[in-house]
Amino acid sequence: VPSKLEKKSSFLDYREVDWFSLASILFLLMFAPLIVYYFIMSCDQYQCSLIDPVIDLLTEKKHLSDIWNKTPTLTYRAAGIYTLWVAFQVFLYVFIPDFCHKFIPGYVGGVQEGAVTPVGVVNKYEINGLQAWIITHVLWFANAYYFHWFSPTIIFDNWIPLLWCANILGYAVSTFAMIKSYFFPTNAKDCKFTGNFFYDYMMGIEFNPRIGKWFDFKLFFNGRPGIVAWTLINLSYAAKQQELYGEVTNSMILVNVLQGIYVLDFFWNEAWYLKTIDICHDHFGWYLGWGDCVWLPYLYTLQGLYLVYHPVQLCAANAIGILILGMIGYYIFRTTNHQKDLFRRTNGNCKIWGKKPEYIECSYMSVDGTKYYSKLLTSGFWGWARHFNYTGDLMGSLAYCLACGFEHILPYFYIFYMTILLTHRCIRDEHRCFSKYGKDWKRYTAAVPYRLLPGVF
Ligand code: NDP
């Protein structure tokens, strides 16, 4: 049974289309696919230099058409690989109920409930992402070391043709979600129409589009093919290094290990993820659909791609320093998220860092005028800053980038992007919380004055 607290918190989601949002949306719709293409092309044709293509174009050494003509096109092979890949992930998601929770102690899987939607629906989800990840990776290693059906470099070798396939799926699924919301929505009352076509296409109309009882678009597209693919892509890059240079560098191993921990953490906590902003507040449109199919697998894996072209071998001190930074970042990220989760689940009847938690009592009104009560934690990492979980995430992100050395800017895209994403998310969330809690939120921000970095921001 949903708590009153959960019920109210989702009621406060809202949409406004101001000129800035609209301008950003138009910019992203037009340029995000080009940005992805530019990064991948610059590795393919310019050894990952972001500047050289611009210099070539400005000095007329090359024309756009030269770059475009050198770009690999969509191939039947890539289309076949991609179709098989997505079909396999759909199969694992829909047809193999979770068995991991039956034998892995502490893992929460199987059928779980999500948060309450704005109209009071509680969706059930089959949480089997960890299982899908394990099966996929066992098969990957079985192929690499035993069956030899395909080369482990297959992803790298088809990276640009696969980009076209990912784009086709990303646009197809976003367009389908839009059409679906008009003609056969899963829950008509949870649809949000702003009347602005571009905004609706980008930010989504339906809250939780589904096909049948279990195929949930948000959970599927975010987790798989996006995040299951993440570690496979990195493994393919490592295999390519091995093929090209006869060894895998320690920086490549670091990137594989640190990002692997992040991915495994995601699947281990997939049930918790149902309560995060992506699932609780965002509707399903191009932002999530195309973003999960293209942006995430292509841009979150830039470090590994870069290391194929520039095999960086770190000295032991640097490698250890980066590993420590990554692990501390991960520890902060996980502990902060866990503290809030524990505090909310037990309604404050728990211990944070061995003590009874401190918190601020707050209240809010639902759209139907009912008053509800909630608590905002002010101890543990939540007493240090209002979004220290993001800070941990950023430290981890920085570690991946540092593993690539300082020769090029391209691998640092991730930390720039994450800083913008999480700062924007922080501001967006605080705006929502302020509308929800009003003066109680002000008391909270007075008690915990910083957002990400104590004493700085
Ligand atoms: P949070 O987990 O920080 O959730 C924010 C919500 O928590 C608020 O809306 C509010 O909801 C509640 N809350 C805020 N302050 C408190 C408090 N002091 N005590 C109790 N509850 C509080 O945000 P996200 O869902 O965005 O992030 C989850 C994780 O996912 C983060 O660690 C983030 O780094 C990561 N992430 C990673 C991304 C990636 O691309 N790699 C992208 C996005 C997120 P309520 O209305 O219930 O009060």
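**Cavities and ligand shell**

Mentor: Strand S1 (110-116), strand S2 (122-127) and helix H14 (277-280) each supply at least two residues of the lining of the second largest cavity, helices (at least four residues) and strands (at least two) being DSSP runs numbered from the N terminus. This is a predicted model, in which local features need pLDDT of at least 70 and side-chain atom pairs pLDDT 80 or more, whereas totals for chains, interfaces and linings use all residues. Residues are numbered from 1 along each chain, and side-chain values use heavy atoms, without hydrogens and water.

Trainee: What is the volume of the second largest cavity, and which strand gives the most to its lining?

Mentor: A cavity is a set of points on a 1 Å grid over the protein atoms alone where a 1.4 Å probe fits but cannot get out, and lining residues have an atom within 4 Å of a point. The second largest cavity holds about 50 Å³, and S1 gives the most to its lining, three residues; Asn123, Tyr125 and Cys280 are among the lining residues.

Trainee: What is the volume of the largest cavity?

Mentor: The largest cavity has about 90 Å³, and H17 provides the largest share of its lining, five residues; Tyr330 and Asp393 are among those lining it.

Trainee: Which residues come nearest to the ligand?

Mentor: Tyr390, Asp393, Arg425, Asp429 and Tyr437 come nearest, out of 27 residues around the ligand, and H20 (413-437) contributes the largest share of that shell, eight residues. A polar side-chain atom of Asp429 lies 2.5 Å from a ligand oxygen, while one of Tyr444 lies 2.9 Å from a ligand nitrogen.

Conventions. A residue is near a molecule or strand if one of its heavy atoms lies within 4 Å of it. A polar contact is a pair of N or O atoms within 3.5 Å; within protein, one must be able to donate a hydrogen and the other to accept it, and residues adjacent in sequence count only if both atoms are side-chain atoms. On a 1 Å grid over the protein atoms alone, a cavity is a set of points where a 1.4 Å probe fits but cannot get out, and a pocket is an open set with protein on both sides within 12 Å along at least five of seven lines; lining residues have an atom within 4 Å of a point. Grid points are joined across faces, edges and corners, and a volume is the space filled by probe spheres set on the points.
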